[in-house]
There are 2 protein chains.
Amino acid sequence: MRIGQLARSVGVDTQTIRFYEREGLLPPPDRQDNGYRIYTERHVERLAFIRRCRILELSLAEIHELQRYQGAPHQPCRAINTLLDDHIAQVRSQITDLQVLEKQLVSLRASCNDDREIEACGVLDGLSEGSMQ
Amino acid sequence: MRIGQLARSVGVDTQTIRFYEREGLLPPPDRQDNGYRIYTERHVERLAFIRRCRILELSLAEIHELQRYQGAPHQPCRAINTLLDDHIAQVRSQITDLQVLEKQLVSLRASCNDDREIEACGVLDGLSEGSMQ
DNA sequence: TTAAAACCATATAGCCACTATAAGGTCAAT
DNA sequence: ATTGACCTTATAGTGGCTATATGGTTTTAA
Ligand SMILES: [Zn+2]
Ligand SMILES: [Zn+2]
Ligand SMILES: [Zn+2]
Ligand SMILES: [Zn+2]
């Protein structure tokens with residue numbers, strides 16, 4: 001199949017497929033005489049794997065690492081589990097950071113109501129004075 | 001004061017200050033005969049304002065907008081409050097997204113324990129098969 | 001049969017908010 | 001006279017795409 005069909009069947013843009021190839025995440029496929037890329041079912045699976053990883057916001061580097069593990073099926077899988085644990089820890093830390101941020105923003109917002117002049121806006125005041133944490 | 005002292009007094013890199021100037025967030029300061037930038041207390045306040053906004057993860061575009069409002073002190077401040085409301089909404093949406101992500105990741109992680117071979121790794125299996133949402 | 005539409009190719013730049021590097025000019029102290 | 005700390009500009013890199021430009025190829029329809 002050509003790149004357009006692969007793109008449609010996995011739900012990505014053709015540019016993204018070429019990008020993954022350049023980054024070494026998708027093996028370079030054979031070419032037709034006219035230079036068009038020709039993909040197989042294995043490419044479909046490989047691309048779908050990448051996409052599922054990306055939905056979970058694994059980085060391309062992490063996906064690369066997972067692909068290397070796939071090439072050594074008889075090694076222990078601890079490294080994979082650890083990779084995921086680290087990723088989960090990072091997501092949790094992001095959530096925590098954003099929750100702190102949300103509190104700060106809500107508190108700032110509470111210092112103003114509508115119908116003031118900008119001169120007296122509590123939000124702008126809070127940002128202008130150093131009364132922030 | 002010169003750029004290094006400004007940088008130290010606000011806690012940013014000198015490069016960042018020049019970057020803000022290029023982006024139109026900091027007004028271009030006067031120059032000494034040798035070309036060195038000379039800053040005033042107003043620049044300190046202005047830069048500190050930007051930094052407080054950035055800590056709240058307001059974008060440079062949003063900060064720019066706030067600066068424009070500062071120039072019109074007798075207009076109603078509703079636009080400012082709305083800007084903040086929108087930003088809060090976006091932070092909340094990020095939190096929600098990350099919480100969904102965390103659940104998916106934890107569920108995937110639960111499908112494996114350590115001491116398996118990669119061949120049998122539940123995490124890799126979950127990523128390889130289409131049993132994901 | 002030919003002309004348009006859809007597809008493919010490469011190369012390059014843009015997004016965001018910086019950060020790093022290179023190559024060089026200026027100034028004070030040793 | 002030289003070191004070191006400071007300043008200048010210009011350029012490239014980060015991540016994961018996405019958009020644009022330019023041109024070749026294939027398919028479809030008038
Ligand atoms: Zn990760
Ligand atoms: Zn207000
Ligand atoms: Zn925002
Ligand atoms: Zn495992």
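Four donor atoms surround the zinc ion (ligand 4) in this predicted model. The angles they subtend run from 99 to 118 degrees, so the arrangement is tetrahedral; to count as tetrahedral, four donors need all angles between 85 and 135 degrees.

Which protein atoms are the donors of the zinc ion (ligand 4)? They are SG of Cys77(A), OD1 of Asn81(A), SG of Cys112(B) and SG of Cys121(B), lying 2.2 to 2.4 Å from the ion. Let's look at two of these residues. Asn81(A) sits in helix α5 (residues 78-109) of chain A, while Cys121(B) belongs to the loop between α5 (78-109) and α6 (122-128) of chain B, so this pair joins two chains. Asn81(A) is buried, because its relative accessible area of 0% is under the 20% cut-off. Cys121(B) is buried too, also with a relative accessible area of 0%.

Now let's turn to the DNA. Around DNA strand D there are 18 residues, and the closest are Tyr20(A), Asn34(A), Arg51(A), Arg54(A) and Arg18(B).

| Residue | Part of the residue (N or O atom) | Distance to a phosphate oxygen of DNA strand D |
|---|---|---|
| Arg54(A) | side chain | 2.8 Å |
| Arg18(B) | side chain | 2.6 Å |
| Arg37(B) | backbone | 2.9 Å |

Two or more residues of the surface near DNA strand D come from each of these elements: α2 (14-22) and α3 (41-55) of chain A, and α1 (3-10) of chain B. The largest share, four residues, is given by α2(A). Sorted by class, this surface holds six nonpolar, six polar and six charged residues.

Notes
Residues numbered from 1 in each chain as written. Chains lettered and ligands numbered in written order. Predicted model: local features only at pLDDT ≥ 70, side-chain atom pairs only at ≥ 80, totals over all residues. Heavy atoms only, no water. Donors = N, O, S within 2.8 Å, 3.2 Å for Na, K, Ca; no water. Tetrahedral: all angles 85-135°; square planar, octahedral: opposite > 155°, others 65-115°. Buried < 20%, exposed > 50% of the residue type's maximum accessible area, 1.4 Å probe, protein only. Near = heavy atom within 4 Å. Polar contact = N/O pair within 3.5 Å; in protein donor to acceptor, adjacent residues only side chain to side chain. Nonpolar A, V, L, I, M, F, W, Y, C, P; charged D, E, K, R; others polar.
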